[in-house]
Amino acid sequence: MAVSPLDSTVFAGVFGDPEIGPLFSDEAEIAAMIDFERALARAQARCGVIPVAAAAALDAAMEGLVIPPEELTASTTAAAVPVPGLVTALRKRLDPSAAQWLHWGATTHDIMDGGLLLRLRRSVDIVDTRLTRLIDTLLLAAEREAGTAMAGRTRSQVATPISFGLRIAQWAQPLIDLSEMLDELRPRLFRVQFGGASGANTAVAPHGPAIIQALSLELGMAASPPWHTSRVALIAAMDWHGQLAGALGKIAGDLMVMGRSEIREARAGTGGGSSTMPQKSNPVTAEALGTLARFVSGLMAPAHFTATHLEERDGVSWPLEWLVVPQVVVAAAAALRHAQVLGETLEADPERMRAGLDLGGGAAMAEAASFALAGHMPRAEAQALMKRVALEAAATGECLEDVLRRQSDVDIDWAEALDPVRAADPSRDVITMIVQRWRDRHGNATYNS
């Protein structure tokens, strides 16, 4: 087994992400740091800090330039960071007259953080597109199943009737929250980092603020004071991915329970066979999603450890990010990929759902019966009567209606009052509210795509 199944060839389809995983390879990191060096040269030329001709030469020479990762191994071992070796490797390949202006006034933190943000911006864009697609998929399914009655369950026990559409819409609701949160997070996260050796830009003074503004234009990121010791936004990004994985994990958990052999109310994803039991069709897609959700949740503690960033640069907390950030992002993205498969293959079994409503003699309708009785007697008496009725129905196997007719002479149309399909109708109102919230945000064009 690989050190991390997230980038394992064998486990690639289960835990990896072929689109986002490569953004956290050595090659991608080196390329992003080079892109930041190019942008820095252009920005400093804008400000008159380095010669325009030198900046143009640096920019052209580094375009598409590839530095093999193994070339940086020895220098990174010595310095514990790759940038000194990268700068040396670049200067060897550049014209000496231009090379002297490379990395002017910058520090390792600037280059590594800048390169990370360039890759995170791409990954966030991909995740955002996937998230929108998943919400669309779930809400379309919610509307399709709005009239499919089933037993709602609280604390694992049958509660009251709902529709399957409501459960699906409630899977989508935290994802809509997260979509809104991502819009708020982007400007906080994607800010220029340029502070030089100790965050004061002393080597390029008094041009630091001007360079930051120029980098903002070059990179399409917000201008910001140097933030290399404040990891608040980056931790918020990890928290966002953690909450995403958690919300997706609920979908996996619900589907695994609903798909149990004795329940079989719904199925989704691809079934995995057993090496020895022919009857098995394991919920492998939901299981993979559940595993990834738990894994990302476990990474939230080390993600927060990175907040303790000592003095002007930390050699312990900062490197911890390099261990945590790629795993959080890739695992959450892979979870989102699995969730899409589940959403697209979701199928209900209305007959099995009806069987759930009939459990305990139709215990899901006990609340409705107690409120019907409360129109004819004090509420406390109605609840006490229904408690006795429910216990007798469970013990004898009779339906609530038969026991009620025997124990109560109240004039109520019990067939109508105990109709679970009718009782599930209010679910439509909640579904409509959730769907409308998404439509108000994205419009019908996105929702129907």
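Author: Buried means a relative accessible area under 20%, exposed means over 50%, and partly exposed is in between, computed with a 1.4 Å probe on protein chains only. By that cut-off, buried residues make up 49% of the 449 residues in the protein. This is a predicted model, in which local features need pLDDT of at least 70 and side-chain atom pairs count only at pLDDT 80 or more, while totals for chains, interfaces and linings use all residues. Residues are numbered from 1 along each chain as its sequence is written, and side-chain values use heavy atoms, with hydrogens and water left out.

The protein has 20 helices and 6 strands, where helices (H or I, at least four residues) and strands (E, at least two) are DSSP runs numbered from the N terminus. Its radius of gyration is 29 Å, well over the 22 Å that the globule rule gives for 449 residues, so the protein is more spread out than a compact globule. That radius is taken over C-alpha atoms, and the rule is 2.2 Å times the number of residues to the power 0.38. The C-alpha trace spans about 100 × 50 × 40 Å along the principal axes. Contact here means heavy atoms within 4.5 Å. Of the contacts between residues at least 6 apart in sequence, 76% join residues at least 24 apart.

Now the salt bridges. The term stands for a side-chain nitrogen of Lys or Arg within 4 Å of a carboxyl oxygen of Asp or Glu. The whole structure has 29 of them.

One joins arginine 46 to glutamate 218, with the closest N and O atoms 2.8 Å apart. Arginine 46 is in helix α2 (residues 26–46) and glutamate 218 in helix α9 (residues 208–219), so the bridge links distant parts of the chain, 172 residues apart. Arginine 46 counts as exposed, at 51% relative accessibility. Glutamate 218 is partly exposed, at 22%. Both residues also belong to a network of salt bridges made up of Asp35, Arg38, Arg42, Arg46, Asp59 and Glu218.

Another pairs aspartate 177 with arginine 437, where the closest N and O atoms are 2.4 Å apart. Aspartate 177 lies in helix α8 (residues 164–189) and arginine 437 in helix α20 (residues 426–447), so this pair ties together parts that are 260 residues apart in sequence. Aspartate 177 is partly exposed at 31%, and arginine 437 is partly exposed at 25%.

Glutamate 265 sits in the loop between α10 (232–258) and β3 (266–267), and arginine 153 in strand β1 (residues 149–154); the two are 112 residues apart, and the pair links distant parts of the chain. Glutamate 265 counts as buried because its relative accessibility is 2%. Arginine 153, at 29%, is partly exposed.

Glutamate 321 lies in helix α13 and is buried, at 3% relative accessibility. Setting aside residues up to four places away in sequence, glutamate 321 touches Arg231, Leu234, Thr306 and Pro326. Leucine 342 is also found in helix α13, and at 1% it counts as buried. Leucine 346 is placed in the loop between α13 (317–345) and β6 (347–348), and is buried at 7%. Beyond its neighbours within four places in sequence, leucine 346 is in contact with residues including Arg144, Phe164, Trp171 and Arg267.

The axes of helix α15 (residues 366–373) and helix α16 (residues 379–396) come within 8 Å and cross at roughly 140°. Axes are lines fitted to C-alpha atoms, for helices over the stretch in contact, and angles run from 0 to 180 degrees between N-to-C directions. Ala366, Ala369, Ser370, Phe371 and Leu373 in α15 meet Arg379, Ala382, Leu385 and Met386 in α16. The residues of this contact comprise 7 nonpolar, 1 polar and 1 charged. In that tally, Ala, Val, Leu, Ile, Met, Phe, Trp, Tyr, Cys and Pro count as nonpolar, Asp, Glu, Lys and Arg as charged, and the others, Gly among them, as polar.
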